Structures are given as C-alpha cells and as structure tokens.
Amino acid sequence: MITNEDRRFPAPLAAAMAVRLDSMGEDGVDFEPFEAFLSADETTEWFRAWTGNRELDGNRFRVFGQDGTGGYAALWLIHPDRPLAEQPIVFLGSEGETGVVARNLGAFLWLLADGFGPWEAATSYDRNPEWSQHPNRALTAIAEQFAPDRRAPAAAVIEQATQEFPDFDDTIMKLCC
C-alpha cells in the first residue's frame with residue numbers, strides 16, 4: 001500500500017536524481033529534479049491548477065521534477081497494491097502535453113541513461129531537430145545497479161509505456177474543466 005505521507009524517493013530514484021542535479025544544463029535534457037517529492041498539498045494545488053478542476057486532489061501522483069517551463073514529471077499511482085518503483089512515470093507539461101514516459105522506475109532509469117528526460121520522451125513526436133540525445137555513463141551505472149533486467153533503449157521504453165497506457169491522455173483530459 002502506498003501512503004500519502006511517504007514522500008521520500010525510492011533509492012533508485014534518489015540516486016538518479018542526484019546525478020541529474022549534478023549534470024543539469026550539461027546534456028541538453030530539459031529536466032530539473034527535485035530533492036524530494038512535492039508535498040501532498042503542493043501536488044494537489046498543482047493538479048487542480050493544471051486541470052482547472054477544484055474537486056480533485058493530487059494523491060495519485062508523486063511529483064519529482066520539472067522541465068524549464070514548469071511541466072511536471074511524476075510517478076502515477078495506478079497500481080495500489082504495488083510499490084512506488086512499479087508505478088508508471090508520467091509527464092504533464094505546462095502547455096497541456098501529457099504522456100506516460102516509462103512503465104516503471106526501472107524503465108525510467110534506462111530512459112535517463114539513454115539521454116532522455118520526461119519532456120523529451122513525452123514529446124518525442126515533436127522533437128527539435130537540433131536536439132540530440134547524450135547517453136550518460138553515471139546514469140547507466142545506476143540503471144545497471146537497480147534495473148539490470150529492464151535494459152532498453154529510450155525509443156523502446158517510450159513505445160512500451162505508450163502501448164501499456166494508451167488512454168492516459170484521455171484519462172487526464174476527462175478530469176479537466
């Protein structure tokens with residue numbers, strides 16, 4: 001069971017976010033990690049503002065970072081009987097972009113290792129032609145340590161997530177006012 005009070009990063013996410021903090025701005029990835037999940041109140045405030053729906057709370061999300069425009073990356077808590085590491089990673093952008101970018105934390109580690117952030121994964125259909133991925137050795141080491149059995153290139157991670165959760169955008173849009 002996932003409790004609303006637990007706002008600590010799982011060890012694999014903490015390790016990856018520490019590396020991202022050290023390499024921000026060096027690799028062209030538009031992702032600024034937080035040091036801990038947003039609080040329940042902050043998450044609810046954000047989700048209500050994002051959807052325009054004051055009736056919602058943010059309990060189904062654990063926000064752990066953002067892109068430069070304020071779009072958020074989060075764990076989407078759709079499997080109540082599974083730990084945080086087995087929840088999908090989603091992106092909700094400041095301009096209405098949505099996407100499930102990885103099926104679980106292990107897949108997300110490989111996405112990061114391959115040089116993608118949540119925004120790049122969610123908007124891979126509309127990528128700036130001047131952007132190029134830069135695989136990260138430190139993030140690859142973390143992915144190898146915590147998720148050696150989930151190794152996949154970013155394109156496969158994105159495709160698997162899209163196939164497993166094809167209705168994510170529709171689900172989120174139905175919550176909007």
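This is a predicted model: local features need pLDDT of at least 70, side-chain atom pairs count only at pLDDT 80 or more; totals for chains, interfaces and linings use all residues.
## Overall fold

The protein chain contains seven helices and five strands. Read from the N terminus, its elements follow the order α-β-α-β-β-β-β-α-α-α-α-α.

Of the 177 residues in the protein chain, 51% count as buried. Contacts between residues at least 6 apart in sequence include 59% that join residues at least 24 apart.

## Helix H3

Helix H3 spans residues 105-113. Nine of its nine residues are buried, so H3 is largely enclosed by the rest of the structure. The buried residues are Leu 105, Gly 106, Ala 107, Phe 108, Leu 109, Trp 110, Leu 111, Leu 112 and Ala 113. At the start of H3, the backbone nitrogen of Gly 106 has a side-chain oxygen of Asn 104 within 3.2 Å. After H3 comes Gly 115, which has a positive phi, near 95°.

Ala 107 belongs to helix H3. Its relative accessible area is 7%, and the cut-off for a buried residue is under 20%, so Ala 107 counts as buried. With residues up to four places away in sequence not counted, Ala 107 touches Ala 102, Arg 150 and Val 157. Val 157 is also one of the buried residues of helix H6. A further pair to look at is Ala 107 and Ala 152: they are 45 residues apart along the chain, and their C-alpha atoms are separated by 7.4 Å.

## Helix H6

Helix H6 covers residues 154-164, and its buried residues are Ala 154, Val 157, Ile 158 and Ala 161. These residues lie on the same side of H6, because they cover an arc of only 95° around the axis. Ala 155 and Gln 163 are exposed on the other side of H6.

The buried residues of H6 are covered by elements including strand S5 (98-102), helix H3 (105-113) and helix H4 (118-122).

Thr 98 is placed in strand S5 and is buried, with a relative accessible area of 13%. Beyond residues up to four places away in sequence, Thr 98 touches Trp 50, Phe 91, Leu 92, Ala 122, Phe 168, Asp 169, Ile 172 and Met 173. With Asp 169 there is a polar contact of 2.5 Å between the two side chains. The C-alpha atoms of Thr 98 and Ala 73 are separated by 9.9 Å, with the two residues 25 apart along the chain.

The largest pocket has a volume of about 220 Å³. Its lining has 15 residues, and those closest to the pocket centre are Thr 98, Gly 99, Val 100, Ala 122 and Thr 162. At least two lining residues come from each of S5, H4, H6 and helix H7 (168-174). S5 gives the largest share, four residues. Sorted by class, this lining holds ten nonpolar, four polar and one charged residues.

## The second largest pocket

The second largest pocket holds about 150 Å³ of space. Its lining is formed by Phe 47, Leu 56, Asp 57, Arg 60, Phe 61, Trp 76, Ile 78, Thr 171, Ile 172 and Leu 175. By class, seven of these residues are nonpolar, one is polar and two are charged.

Phe 61 is in contact with Thr 43, and Ile 172 is touched by Thr 98.

## Two further buried residues

Thr 43 sits in helix H2 (residues 40-51). At 0% relative accessibility, Thr 43 counts as buried. Apart from neighbours within four places in sequence, Thr 43 is in contact with Arg 7, Leu 38, Gly 58, Phe 61 and Val 63.

Gln 87 lies in the loop between strand S3 (72-76) and strand S4 (89-92). This residue is buried as well, with a relative accessible area of 0%. A polar atom of the Gln 87 side chain lies 2.7 Å from the backbone oxygen of His 79.

Conventions:
Residues are numbered from 1 along each chain as its sequence is written. Side-chain values use heavy atoms; hydrogens and water are left out. Buried means under 20% relative accessible area, exposed over 50%, partly exposed in between (1.4 Å probe, protein chains only). A polar contact is a pair of N or O atoms within 3.5 Å; within protein, one must be able to donate a hydrogen and the other to accept it, and residues adjacent in sequence count only if both atoms are side-chain atoms. The arc is that of the directions from the helix axis to the C-beta atoms. Contact means heavy atoms within 4.5 Å. On a 1 Å grid over the protein atoms alone, a cavity is a set of points where a 1.4 Å probe fits but cannot get out, and a pocket is an open set with protein on both sides within 12 Å along at least five of seven lines; lining residues have an atom within 4 Å of a point. Grid points are joined across faces, edges and corners, and a volume is the space filled by probe spheres set on the points. Ala, Val, Leu, Ile, Met, Phe, Trp, Tyr, Cys and Pro count as nonpolar, Asp, Glu, Lys and Arg as charged, and the others, Gly among them, as polar.
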